[in-house]
Amino acid sequence: MDKRELTIDYFLFPNRFPAEYENLCRKAIEASACSYSVYSEFAVGAALLLENGEIVTGSNQENAAYPSGMCAERTALFYAGAAFPDIPVRALAIAACYKGLPRENFVPPCGACRQVMAETIKRYNQDFDVVMIGQKESVMLKASALLPFAFSF
Ligand code: THU
């Protein structure tokens with residue numbers, strides 16, 4: 001038996017956004033205002049920067065039949081895939097508010113969104129940056145680092 005280890009690199013940005021993604025981070029925060037989250041009161045905004053410079057945003061859209069709702073990240077990723085099918089993703093920023101207040105701690109994406117990110121990497125054969133925004137600090141890492149052993153076939 002061989003023991004292997006996986007390590008991930010991630011970067012902390014106390015009190016600010018990564019300089020290169022400042023505008024993208026602001027768009028993610030703005031997008032959270034478009035959330036339809038009457039059930040959880042947890043409003044998430046996502047902003048995707050595409051390789052052609054286009055920014056696509058998404059927010060979580062809930063439903064009385066709870067599982068029928070959709071996360072902010074997948075709303076943005078699926079829209080980008082549908083509207084700009086040939087353009088790779090360069091970066092994704094994620095922000096959230098709970099009951100109208102921005103989150104102190106950065107918000108990591110759920111497992112299903114990570115799987116969709118893994119598919120996006122595969123689709124364009126290109127990894128991308130993910131910025132998870134918090135009031136206290138933001139964290140940036142590669143999408144591939146969020147889901148080791150992602151399902152694929
Ligand atoms: N949510 C997202 O939009 N993104 C995530 O990565 C995790 C959770 C949404 C789903 C639901 O509308 C609310 O946050 C509470 O779970």
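Serine 35 touches Phe42, Ala43, Val44, Ser59, Asn60 and Gln61, leaving out residues up to four places away in sequence. Contact here means heavy atoms within 4.5 Å. Serine 35 sits in the loop between α1 and β2. Helices (H or I, at least four residues) and strands (E, at least two) are DSSP runs, numbered from the N terminus. At 17% relative accessibility, serine 35 counts as buried. Buried means under 20% relative accessible area, exposed over 50%, and partly exposed in between, with a 1.4 Å probe and protein chains only. The serine 35 side chain also makes a polar contact with the side chain of asparagine 60, at 2.7 Å. A polar contact is a pair of N or O atoms within 3.5 Å; within protein, one must be able to donate a hydrogen and the other to accept it, and residues adjacent in sequence count only if both atoms are side-chain atoms.

This is a predicted model: local features need pLDDT of at least 70, side-chain atom pairs count only at pLDDT 80 or more, and totals for chains, interfaces and linings use all residues. Residues are numbered from 1 along each chain as its sequence is written, and side-chain values use heavy atoms, with hydrogens and water left out.

**Ligand surroundings**

Asparagine 60 also takes part in the ligand site. The residues around the ligand are Ser40, Phe42, Val44, Asn60, Glu62, Cys71, Ala72, Glu73, Pro109 and Cys110. A residue is near a molecule if one of its heavy atoms lies within 4 Å of it. An N or O atom in the asparagine 60 side chain is 2.9 Å from a ligand oxygen. For the side chain of glutamate 62, the distance to a ligand oxygen is 2.4 Å. Cysteine 110 uses its backbone: an N or O atom there lies 2.9 Å from an oxygen atom of the ligand.

**Arginine 74**

Which residues does arginine 74 touch? They are Tyr79, Cys110, Ala112, Cys113 and Val116, not counting residues up to four places away in sequence. Arginine 74 has its place in helix α2. It is buried yet has no salt bridge. The nearest side chain of opposite charge belongs to glutamate 73, 6.6 Å away. Lys and Arg count as positive and Asp and Glu as negative; His and the chain ends are not counted.

**Salt bridges**

The structure holds 7 salt bridges. Each is a side-chain nitrogen of Lys or Arg within 4 Å of a carboxyl oxygen of Asp or Glu. The table gives examples.

| Residue | Partner | Closest N and O atoms |
|---|---|---|
| Aspartate 2 | Arginine 4 | 2.9 Å |
| Lysine 3 | Glutamate 5 | 3.3 Å |
| Lysine 142 | Aspartate 129 | 2.8 Å |

Lysine 142 lies in strand β7 and aspartate 129 in strand β6, so this pair ties together parts that are 13 residues apart in sequence. Lysine 142 is partly exposed, at 37% relative accessible area. Aspartate 129 is buried, at 12%. Aspartate 2 is exposed at 59% relative accessibility, and arginine 4 is exposed at 67%. Lysine 3 and glutamate 5 are exposed too.

**Nonpolar cores**

The largest nonpolar core has 27 residues. Such a core is a set of buried Ala, Val, Leu, Ile, Met, Phe, Trp, Tyr and Cys residues joined through side-chain atoms within 4.5 Å. Leu48, Leu92, Met117, Phe128 and Val130 have the most contacts inside it. At least two residues each come from β2 (42-50), α2 (72-83), β4 (89-98), α3 (111-124), β6 (129-132), β7 (137-142) and α4 (143-146). A second, separate core of 14 residues includes Tyr21, Leu24, Ala91 and Met140.

Leucine 92 is in contact with Leu24, Ala46, Ala47, Leu48, Glu73, Met117, Phe128, Asp129, Val130 and Val131, leaving aside its neighbours within four places in sequence.

**Loops**

Asparagine 15 lies in the loop between β1 (11-14) and α1 (22-32). Its phi is near 60 degrees, a positive value in a residue other than glycine. Asparagine 15 is exposed, with a relative accessible area of 65%. Glutamate 41 also has phi near 60 degrees. Its loop runs between α1 and β2. Glutamate 41 is partly exposed, at 38% relative accessibility.

Aspartate 86 is found in the loop between α2 and β4. It counts as exposed, at 67% relative accessibility. Aspartate 86 and tyrosine 39 are 47 residues apart in sequence and 35 Å apart in space, C-alpha to C-alpha.
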